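Here is a walk through a two-chain model, taken one region at a time. Have the coordinates open and follow along.

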Amino acid sequence: MENPTNPGTDSLAPPTAGFLAQNPLLREFLRDQVPMIVVVFGLGLLAAHLQYGFVPGGDVAFPIAGVRVPLWHLVWMGFWTGYLMAIVGEASGIFSLPYSMSVLEFTSVSVSPTSLITTFLNPFGALLGYWRGKQWNLDLALWLCIGAILGSPIGPFIRVYWLSDPVPFKAVIGIVLFFMSVHLWIQTTSWYLQRTTRQREFKERFDKMMQARLADGEAPSGLPSDFRIVTEERSWKRLTISYWGERRSFSVPAMVLIGFIVGIVASALGVGGGFMLVPILVSFYGLPMYVLVAGTIPFVIVLSITGLISYTLTLPMLTGVSIPPDWSFGLFVAAGAIFGAWLGSKTQKFIPEKYLKSMLGTITGVVGILYVANYFWRLPFQI
Amino acid sequence: MDSIKAFGRKFIPFLPFLIAFLAVLVAAYHIQFYR
């Protein structure tokens with residue numbers, strides 16, 4: 001039956017079907033993200049009931065975290081950390097961890113495994129999109145993930161035996177934040193932009209294609225139908241991949257070693273490791289963001305789950321020290337982070353990166369210096 | 001609908017700065033009333 005007001009369409013079809021067809025981003029959000037966010041938030045409520053028998057929040061403190069904080073604030077924290085970090089291309093843990101410690105005052109060792117719950121779930125929204133867009137290569141991810149599996153179980157032991165006190169732990173986080181600040185500032189310099197000319201050319205070619213997609217009414221964040229990350233050569237020593245006319249070669253032992261070292265550091269802190277892995281893959285291998293996510297997203301997921309298992313199972317079995325995560329706290333943050341990371345990945349191309357990176361570089365640099373300074377001299381204010 | 005989309009496109013570049021500003025406000029609110 002034809003619709004008399006809109007010839008050519010079916011009058012029996014629901015009106016929202018046409019609306020959603022014209023808005024692919026909204027359709028993707030409703031189809032992929034909303035169910036995931038609702039499920040993760042629901043798991044948070046379930047975890048609270050199972051772990052404590054009640055739902056903590058603004059009135060009753062989270063027993064393990066030891067802090068009173070409304071649920072909306074946790075979701076908001078996940079959202080903004082996930083959003084800002086997705087725009088600058090790194091995981092959200094390195095922002096949410098200092099915020100949890102300094103603003104929410106969650107300073108016990110449990111903050112690290114709790115943060116790993118967020119870093120584990122955060123990339124799943126993006127992963128679905130990357131898998132659909134063929135931004136996927138298991139060979140590229142495999143060796144990094146093997147390194148993470150070997151390294152991340154070690155991190156929790158370092159956290160418990162050498163970094164259990166909040167002050168030295170914050171000092172280490174401060175060094176990481178300072179490192180990240182320098183990395184963000186470098187990305188705004190003309191030296192860096194000239195050095196990465198090849199990547200810029202690739203991005204420009206990519207952006208032209210995006211504009212064409214927008215003009216055709218398609219989602220701007222999609223990839224061309226012929227986009228593939230293809231394995232050209234695979235052995236125990238060498239891995240070669242190609243994508244859209246580009247070719248990159250990797251030493252397999254070096255990939256495992258990178259995954260191993262990043263795995264130790266990231267699981268000791270309770271972050272996903274993107275803050276170290278992304279600069280390494282960009283600087284040493286010249287991978288564009290569209291390709292390196294094929295390695296970093298599975299890496300962060302594997303690192304987070306092996307680190308979490310080490311905190312909750314391996315560590316108590318071998319040492320008798322139990323460091324339980326606050327499951328509901330982490331899940332509520334993750335619910336917001338999934339949405340934030342998705343929104344960040346979709347709006348990234350429209351953001352003036354130079355100003356944003358300068359701003360975030362300044363904030364992370366100042367907080368990093370204060371954390372380190374607080375280790376040597378007691379600051380007159382609480383941080 | 002098109003005007004909303006056009007406004008959205010103009011607004012998006014300011015979104016991260018707005019979010020960062022709101023994050024500071026919420027942090028201040030938390031420190032004031034929940035600690």
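Before we get to the sheet, one term: two strands count as paired if DSSP finds at least two bridges between them. Keep in mind, too, that this is a predicted model.

**The sheet in chain A**

With that in hand, β2 (residues 238-243) of chain A and β3(A) pair in the antiparallel sense, over 6 bridges. They belong to an open sheet of 3 strands in chain A, in the order β1-β2-β3, with antiparallel pairing. The edges are β1 (229-234) and β3 (246-251) of chain A, each of which pairs on one side only. From one strand to the next, the twist averages 25°.

**Helix α12 and its two partners**

Next up is α12 (residues 252-269) of chain A. Two of its packing arrangements are set out here.

| Helix pair (chain A) | Axis separation | Crossing angle |
|---|---|---|
| α12 (252-269) and α14 (289-319) | within 10 Å | roughly 55° |
| α7 (138-151) and α12 | 7 Å | about 40° |

How do these angles classify? Anything under 35 degrees would count as roughly parallel, and 65 to 115 as roughly perpendicular. α12(A) and α14(A), crossing at roughly 55°, are therefore oblique to each other. At about 40°, α7(A) and α12(A) are therefore oblique to each other as well.

Look at the handedness and you'll find that α12(A) passes α14(A) in a right-handed crossing. The crossing of α7(A) and α12(A) is right-handed too.

Now for the residues involved. On the α7(A) side of the contact with α12(A), you'll see A:Trp143, A:Leu144 and A:Ile146 among others, while α12(A) contributes residues including A:Val252, A:Met255, A:Phe260 and A:Ile264. That contact divides into 14 nonpolar, 4 polar and no charged residues.

Which residues bring α12(A) and α14(A) together? From α12(A) come A:Gly259, A:Gly263, A:Ala266 and A:Ser267, and they meet A:Phe299, A:Leu303, A:Gly307 and A:Ser310 in α14(A). This contact splits into 3 nonpolar, 5 polar and no charged residues. A:Gly259 and A:Gly263 turn up in the contact with α14(A) and again in the contact with α7(A).

**Where chain A touches chain B**

Which elements of chain A give two or more residues to the side that touches chain B? First the head count: the contact takes 18 residues from chain A and 14 residues from chain B. The elements in question are α3 (71-88) and α16 (353-376) of chain A. Of the elements on that side, α3(A) gives the most, with 6 residues. By class, the chain A side has 13 nonpolar, 3 polar and 2 charged residues.

Chain A averages a pLDDT of 86, and 87% of the residues score at least 70. Over residues 1-11 of chain A, though, the pLDDT is below 50; beyond near neighbours in sequence, that stretch has 9 contacts in the model.

Notes
Residues numbered from 1 in each chain as written. Chains lettered and ligands numbered in written order. Predicted model: local features only at pLDDT ≥ 70, side-chain atom pairs only at ≥ 80, totals over all residues. Axes fitted to C-alpha atoms, helices over the stretch in contact; angles between N-to-C directions. Helix = DSSP H or I, 4+ residues; strand = E, 2+ residues; numbered from the N terminus. Parallel < 35°, antiparallel > 145°, perpendicular 65-115°, else oblique. Left-handed = near helix turned anticlockwise from the far one by under 90°. Contact = placed C-beta atoms within 7 Å. Nonpolar A, V, L, I, M, F, W, Y, C, P; charged D, E, K, R; others polar. pLDDT = per-residue confidence, 0-100.
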